[in-house]
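Please look at the structure below before reading on.

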Amino acid sequence: MYEEGIRCLWMRGGTSKGAYILASDLPSDPKERDELLLRIMGSPDPRQIDGIGGADPLTSKVAVLSPTSREDADVDYLFLQVFVDKALVSDAQGCGNILAGVGPAAIERGLVPVAGDVTPVRVHMVNSGEIAVAKVSTPGGRVSYVGDTSIDGVPGHHAAVPILFTSTEGSMCGSLLPTGNEVDVIDGIDATLIDNGMPCVIMRATDFGLTGQETREEIEANETVGQRIECIRLQAGPMMNLGDVSTASVPKMTLVSGPLAGGAINTRSFIPHRVHTSVGVLAAITVATATRLAGTPANELVDTPSDGRYRIEHPTGDMEVFLEVAEHGNVTGAGTVRTARKLFDGFVFPVEQTLKQSS
């Protein structure tokens, strides 16, 4: 059926990479669609050797784009996480990094017209139902990826893609604090169960015998810590109105410690079983929000910025996010600056049948 391939735009969005594909080029049935995406990415296989996935959760992502279904948006964006070593595709969360490429991709594919040197694109994030506005550089009537903006975790400089989020509170859990508590105790560990765009469980690194300075590889090699965190995650899922999360990629487990390099707070984020090389955009916003809640692990450790711009430190640098705070103290909006780049545009040819687990 797909002998002639499927049109695919492969892009870096923020610190992730993924396939940007039109919904009209995929099966309408979710089960058939997910089966096809597994074949495209080469999952399940730790190397994804027979697909275009990069053998890492950060490079095994898909953005499905379609004409908008809402009057207040320009394009619909469904994010799908294709697991690397499991035959699993999850729509349980959005992705703020892949979101950075949605505006450029929507213009490249003719879903959104150019509107001057900078084109604002209102993105309906289908996973959560929210709207984000991304500003795309479009001088001369076409997308430009050239610029002088750099982000940690990505070499070089590229065109900035400012992104503004509104109404992210309780995006998946129904409320900012789904349990109603700033701090819950799970297996003896203080945890903030919070959702301001991304469901997160925020805990002190020191409560797991860590300093917060460990590398991704050092944490992943510590099986005891990994098992403790996963046990807490499985308990937190139902508490956050997410149900059984044993096969889900949320909530994001995030360890916090004091800043090491002049930022607001330091993080190590799990996605969910690997340690993120940086931190997700919406997870960073949620961590910043947690720092404003008295008595939380994040609040105890934060060096609060005076200008509302929070540098969230991570294993490869930091990510700057900003919070819009109303007079009563509630967070009313948040944003960040990402970059994106088109890597190739063409056709992808899926393997004829789902791969079996590599031996």
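## Terms and basis

Helices (H or I, at least four residues) and strands (E, at least two) are DSSP runs, numbered from the N terminus. The model is predicted: local features need pLDDT of at least 70 and side-chain atom pairs count only at pLDDT 80 or more, while totals for chains, interfaces and linings use all residues. Residues are numbered from 1 along each chain as its sequence is written, and side-chain values use heavy atoms, with hydrogens and water left out.

## Cavities

On a 1 Å grid over the protein atoms alone, a cavity is a set of points where a 1.4 Å probe fits but cannot get out; lining residues have an atom within 4 Å of a point. Points are joined across faces, edges and corners, and a volume is the space filled by probe spheres set on them. There are 3 cavities of 30 Å³ or more.

The largest cavity has a volume of about 160 Å³. It is lined by 19 residues, of which Lys61, Gln93, Lys252, His276 and Gly280 are the closest to its centre. Helix H2 (96–99) and helix H6 (281–290) are the elements that give two or more residues to this lining, and H6 gives the most, with 3 residues. The lining has 8 nonpolar, 9 polar and 2 charged residues, where Ala, Val, Leu, Ile, Met, Phe, Trp, Tyr, Cys and Pro count as nonpolar, Asp, Glu, Lys and Arg as charged, and the others, Gly among them, as polar.

## Nonpolar cores

A nonpolar core is a set of buried Ala, Val, Leu, Ile, Met, Phe, Trp, Tyr and Cys residues joined through side-chain atoms within 4.5 Å; buried means under 20% relative accessible area (1.4 Å probe, protein chains only). The largest core has 62 residues, and Tyr77, Leu99 and Phe165 have the most contacts inside it. H6 supplies the largest share of this core, 8 residues. A second, separate core of 20 residues includes Leu193, Val201, Ala205 and Ile232.

## Pockets

A pocket is an open set of grid points with protein on both sides within 12 Å along at least five of seven lines. The largest pocket holds about 300 Å³ of space. Among its 13 lining residues, Pro57, Val84, Asp85, His273 and Arg274 are the closest to its centre.

The second largest pocket holds about 210 Å³. Helix H5 (223–239) and helix H4 (216–220) each supply at least two residues of its lining, and H5 gives the largest share, 5 residues.

Note on methods:
Buried < 20%, exposed > 50% of the residue type's maximum accessible area, 1.4 Å probe, protein only.
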